Structures are given as C-alpha cells and as structure tokens.
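Visitor: I'm new to this one. Can you walk me through it?
Guide: Happy to. Here it is.

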Amino acid sequence: MAYTYLTVPTGDKITMGSDGKLIVPDNPIIPFIEGDGTGVDIWKASVRVFDEAVEKVYGSKRKISWMEVYAGEKPFNLFRKKMGDKAWLPDETVEAFREFLVGIKGPLTTPIGGGIRSLNVALRQLLDLYTCLRPVRYFQGVPSPVKKPQDVDMVIFRENCEDIYAGIEWMTGTADCEKVKKFLIGEMGVKKIRFPETSSIGIKPISKQGSERLIRAAIQYALGHKRKSVTLVHKGNIMKFTDGAFKDWGYTLATTEFRSEIVTERESRIIDNLDRNPGLSVEDNARMIDPGYDMMSPKQQKSIRNEVAAARKLMKTHGAGQWKKHVMIKDTLADIIMQQILTRAKEFDVVATMNLEGDFLSDALAAQVGGIGIAPGANINYVTGHAIFEATHGTAPKYANLDKVNPGSVILSGVMMLEHMGWQEAADLIVKAIDKTIGQKRVTYDFERMMQGATLLTCSGFADALIENM
C-alpha cells in the first residue's frame, strides 16, 4: 500500500507460504519502532549488532532493509495536530506490520488518558498476535538472586488476547457498572459479591478457540525444538469454567491432534505401572495413580478406571518405555509453579498459560536469570505469520539519552526474530558473542554493580564488545 508518513526502503516482503511457513527473501523489509525513553539508545546499539551478525555470516548475500514505523511519544509529538490521540499509534504503523509480517520494537510509553490503555496491548489485539513468546535462559556470570540460575531454561507461551487483559471492566459508581451488577444479582442470582455497593466489576473471557491455538503452538514448538514437556499452568481449582476449561481443552487437544507424539503425565504413570507389572488389574492401577481411590464415590472411581483402561490401549505405541521419547503434557496450579520455579526449575520446559498468569511467571523467571533488562519477548500469530519482537522492559525515562542501559532485551528479541526468519546462523553468532562478552565481565551498569571485577560499559559500548567478540 502507499504510505503518507512512512518510507518503504528497497527490499522485498516476507510472505506466508501455502504450507504455513514463512518465505523470507535475502533482502527482507523489517519494520521497527525504536521506542521511547531509553529505546532510542537501545535501538542504535541493537541494530548495529543485528547488521554485523548478518554480514559476518552471510556476507553480501543477505541484508535486512530496516523500515522505521512510529508509535509512542515520537509520533505523538510529530503528528498530534493532524491525528489527535491516534498519533500515539498511527494506522499506518499497524498496516505496515500487517503488510510486512515481521517487525521489532523497543519499549513504549503508555499514554496518559485517552482511549488507549497500552500501545503494546493495542498492537497485540489489532494484529491478533495471540502468543506472547518468552524464552528464559541463563548466561553464565550474570548476577542472580538464586543459587542455581543455570537450572532455568524455559519457554513461556502466554495467551495474549483474552483473560482480564481484554479490558472488559466497569468502575463502581458508573451507570454501566450498576447495570452489570443489577443483571448479575437480579437476573443471574449471584450472591458472592461481598460489597456490591462499592465493587467495580471485570469480566474474564477464556475461549476454547483462543486456548487451543495457544496450546497447539506450544506443543508444536516443543516437538520442533526437541523439548521434553509442555506444562499447562492454571488456577482451575478455583476458576473451574475459565482456567479449568483451559486445562481440559489443552489435554483434549494434545491427545487428539498429537496422540502419537505426546503422553500425559498420568498416562505415563499408568503405562509405567503396566511395564513393571503387565498383569496389573485396572482397579489396582487406579489405586496406584490415585491413592484416595477407595474413598471416592462410585462415579469418581469409574472415571479413574476408564482413564486407566484408555491408557492401556496405548501400550503398543507407548509401552516398553516408548513414552519416554514423547513430549509429556502435564499441568500445575499457578501458585505452585511460582514456588517450584525456585526450588525445582529443571522440571519445567515449555509452559502454556493464560494472560495474567503468564505475565507474572515471565517476569518472575526473568528475575532469576538477571532481570527483564536481558529478557527477550515476541508476539506471534502462527497462523497468519505476523510477529512483533519486543523489549520486555519499560522506557526508563530517567536514563534516556545517557547511553547507559542494557540493550540485551532488544538484542535477544532480535535473536528470536532471526530464528523465526530461519537465519539461525546469525542468531547463534549473537548468542555466542553475548556469552563471551558477559564471561569477560564486560557489562552495562545493571550487571557491573553486582559483579566483582567487572568492566563498566555504556549501552553502545556493550554493542561494540559484542561485535568485537563475533
């Protein structure tokens, strides 16, 4: 399309093939938003690292054509007289990301007032970027508050468009809120609102379609990257029809679409019991996987026996230890995993969860491996091919234009982008350079103040060191 405020550079579009895989030209056009606050410094450092890695690996055969697009304070200052509040996120920016499929962005300011709560959330929802992908791993030498940060190697698939982040809520005292409360109490017979006179109300939508497409992407990632397990994280013991349904839909999807490639945790126990004792009865197996079996109601006991009987049918493809080669599907409660990522991080690999739980979990994990300053992220629609890779931290305006902050989050998000494009060699070169540079204790202020004998580098200086170590 023709753009009024944007300049399209020479290059070619990334497209989606009929097989559902990206077709990436040698000179792809990649839209970027430099970001607000420290985003300007970070982008200047990061883009040099990307370009250097691509050139070192591919020479003149491949090169990214960077296309600046606008969101945040920069376009608001440039275009607000013409666009008003729309200048925070111009329509052309959304269209550019839609047309060119893959892009990258720095941190953005959340507008004060107006109709846009978060520019990041707006981009995700407008482009239906339903997966927030957050890989979390440790770089040797990075300061950490935990004893074994090296045990953390997880990939979080966080649902991006539903849950309470849908923003469906009403402030107490407003006519709309009173209308909702009147409906809930008067027509639906709800009696669990403790203080109805002063309660604001929010709605938490969790759909089967939204849950399935996220969990499908997580399982496909686990299979494609030789990962061992996918854990469904939820609070289904309390929210049975939202979180609980997410878990149930996940298990159903896994055991129908990926039957020959996965095993559930409970199936593995049933099958392992039979491997050890082929003559084990259904009822005895049921007692072994559910110690409370004899105290259950007849209906509950029948459900467990049916589960055992179904798993017995898998012996030909999963028995004799074959299940150990499959991706394991399991689940855990959101509060429990927040404890266990500290005490037994090795037990978790790929995690699929809803929006709110994923937000908490991603940042908690990032804290274990050095903080969100070095945590990458991406927002992806695996069906359409649209993807925006982004910094996971804020704008830190007090450090703006000081050439001080850690550019690691955007750089590692760019690594994810290169991997997504199939340019794995360039991605690997950057990761090796980061490993080597941090190993040399040449770091920005956030790490230097916690590392004995470290050399303090500026934001641009860290980029220089990475390029030197390529």
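Predicted model: local features only at pLDDT ≥ 70, side-chain atom pairs only at ≥ 80, totals over all residues.

Visitor: Let's start with a single residue. Is alanine 396 buried, partly exposed or exposed?
Guide: Alanine 396 is partly exposed, with a relative accessible area of 32%. Buried means under 20% relative accessible area, exposed means over 50%, and partly exposed is in between, with a 1.4 Å probe and protein chains only.

Visitor: Okay, zoom out. How many helices and strands are there?
Guide: The protein chain has 17 helices and 17 strands. Its radius of gyration is 25 Å, close to the 23 Å that the globule rule gives for 470 residues, so the chain is as compact as a globular protein of that length. That radius is taken over C-alpha atoms, and the rule is 2.2 Å times the number of residues to the power 0.38.

Visitor: What box do the C-alpha atoms fill?
Guide: Roughly 70 × 60 × 50 Å, taken along the principal axes.

Visitor: And how much of the chain is buried?
Guide: Of the 470 residues, 52% count as buried.

Visitor: What share of the contacts links residues 24 or more positions apart?
Guide: Such pairs make up 73% of the contacts with a separation of 6 or more. Contact means heavy atoms within 4.5 Å.

Visitor: Let's look at helix H3. Which of its residues are buried?
Guide: Glu92, Thr93, Val94, Ala96, Phe97, Glu99 and Phe100. That is seven of its ten residues, and H3 is mostly covered.

Visitor: What do they pack against?
Guide: The buried residues of H3 pack against strand S3 (29–33), strand S4 (65–68), S5, helix H4 (119–126) and S15.

Visitor: What comes just after H3?
Guide: Leucine 101, with a positive phi of about 70°. Leucine 101 is in the loop between helix H3 (91–100) and strand S5 (102–105). It is buried, at 8% relative accessible area.

Visitor: Now the other end of the chain. How covered is helix H17?
Guide: H17 (residues 459–468) is mostly covered, with seven of its ten residues buried. Among them are Cys459, Phe462 and Leu466. The buried residues of H17 pack against helix H1 (39–58), H14, helix H15 (424–439) and strand S16 (442–443).

Visitor: Which residues does lysine 228 contact?
Guide: Leaving aside neighbours within four places in sequence, they are His326, Val327, Met328 and Asp349.

Visitor: What about threonine 231, buried or exposed?
Guide: Threonine 231 counts as buried, at 1% relative accessibility. Its place is in strand S10. Beyond neighbours within four places in sequence, its contacts include Lys330, Thr332 and Val350.

Methods
Residues numbered from 1 in each chain as written. Heavy atoms only, no water. Helix = DSSP H or I, 4+ residues; strand = E, 2+ residues; numbered from the N terminus.
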